[in-house]
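User: Could you walk me through the surface and the charged pairs of this model?

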Amino acid sequence: MHGILTLRTAAFNVIRQANRSKAALTAVALGVTAMMLAAGFIDWNLRFGRENTIHSHLGHIHVMNPRFLYFGRSDPLSYVLPNREQDTKKLLEGPGVVAVAPRLLIAGLASSGETTLSFIGEGVDPGLEAELSSALRFPEGRNLQPGENNTVVVGRGLADNLGLRLGGTLVLVANTKGGRINAVEAKTVGVFESITKAYDDIALRIPISLARQLMRVDGEHLRIVLLDDTARTPQTLEWMKANLGETQYDVVPWTQLADFYNKTASLFAKQVGVIYLIIAVIIVLAISNTMTMSVIQRIGEIGTMMAIGARRKDILLLFIAEGVVLGIVGTIIGVFVGSLLALLISQIGIPMPPGPGMTWGYRAGILLTPGTVISACMTAMATTALASFYPAWKASRMEIVESLRALQ
């Protein structure tokens, strides 16, 4: 009951000193709004980068030979998985799995006219890749389609360097497992752009039947698993480890493969931390200044309270409670304003130039998650309570006689 009475008295004092309270409330509200918008903007960009990476070529989970991740790049044809339909059906039973697509990795030389360049590529199932690679952009032409056996889609950078145009013939040359050289021809039906320019500069895709013909194998290196929700990746990963057998297959989540995304997320997290620190300092200074002015102008009031029996502890708690009330009210206002601005900004969109390693711009928004809102609220309320402590302590240490002189 004593605590409730203290809060009621503190709320009354905040209302009574409306002019000073407005400045403090404005600082807290603007701080909360700024933290929400800054964190929400970064969260939106991280989600955008994550989902584009997953839905352009990476997928959520890779199923592979247990040794392929460490040795497969140097000798890929020694770690080909057998082409077994029952294995794909087993993967489709996993929680949240919506598609399982085979991929055969290929590498060699691509020739168009008089130009020859090295490439890395993938043999894919055209029907399944339409869903798995839905984020791929095709500024020219289209994606591979089911039933095609001699077509190719080429990354923007590789197509430009080869001088390749739609309808042009691309000759692919690669080494087979036996060390022999094999070649195939494919008709160019599309030029794609992913979120990563470095990938587009060297990559191409052909139907997996043509890739198997080129490499003279019957199987695939990877089975790419697509989920209905990225958040289900850990759950599905555990299911696969329990049901597939770790000695026969290795299951690798997208988080272990998206190195650029992981580094970007780490950088953004540090930036958000710095923003929160700067805003917290501003709130501390604003609240501390308001509370200090309140103590100076209420010296006589403090002396009177102590003269009629209020303990120093009561004075301390009262002024801290006033700071807490300012923090709560300012936080509520900030959450309301920040939510409205986030909705408005997301509707309009923020024009963004191409990011590092990208070739195209986009319109960003603000993504407010419960974690973002709670983090902003807790930061604001903690800093207001901290900022109130020193002025409250000074008020509680005043001498009764000197305080009462202020009334004369």
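Analyst: The notes below go from a surface patch to salt bridges. This is a predicted model, in which local features need pLDDT of at least 70, side-chain atom pairs count only at pLDDT 80 or more, and totals for chains, interfaces and linings use all residues. Residues are numbered from 1 along each chain as its sequence is written, and side-chain values use heavy atoms, with hydrogens and water left out.

User: Which helix gives the most to the nonpolar patch?

Analyst: Helix H12 (residues 312-348) does, with ten residues; the patch covers about 950 Å² and includes Phe336, Leu340 and Met381.

User: And Ile332, buried or exposed?

Analyst: Ile332, found in helix H12, is exposed, with a relative accessible area of 55% (exposed is over 50%, buried under 20%, partly exposed in between, with a 1.4 Å probe and protein chains only).

User: OK, switching topic: how many salt bridges does the structure hold?

Analyst: There are twelve, a salt bridge being a side-chain nitrogen of Lys or Arg within 4 Å of a carboxyl oxygen of Asp or Glu. One of them joins the side chains of Arg205 and Glu122 at 3.1 Å, N to O.

User: Where do Arg205 and Glu122 lie?

Analyst: Arg205 lies in strand E9 (residues 203-207) and Glu122 in strand E4 (residues 115-124), so the pair ties together parts that are 83 residues apart in sequence. Both Arg205 and Glu122 are buried.

User: What about Glu220 and Arg212?

Analyst: Their side chains meet in a salt bridge of 2.8 Å, N to O; Glu220 is buried at 2% relative accessibility, and Arg212 is buried at 17%.

Conventions: Patch = residues over 30% accessible without salt bridge, like charges linked within 9 Å, V, L, I, M, F, W, Y side chains within 5 Å. Areas by Shrake-Rupley, 256 points an atom, 1.4 Å probe, with all protein chains shown as cover. Helix = DSSP H or I, 4+ residues; strand = E, 2+ residues; numbered from the N terminus.
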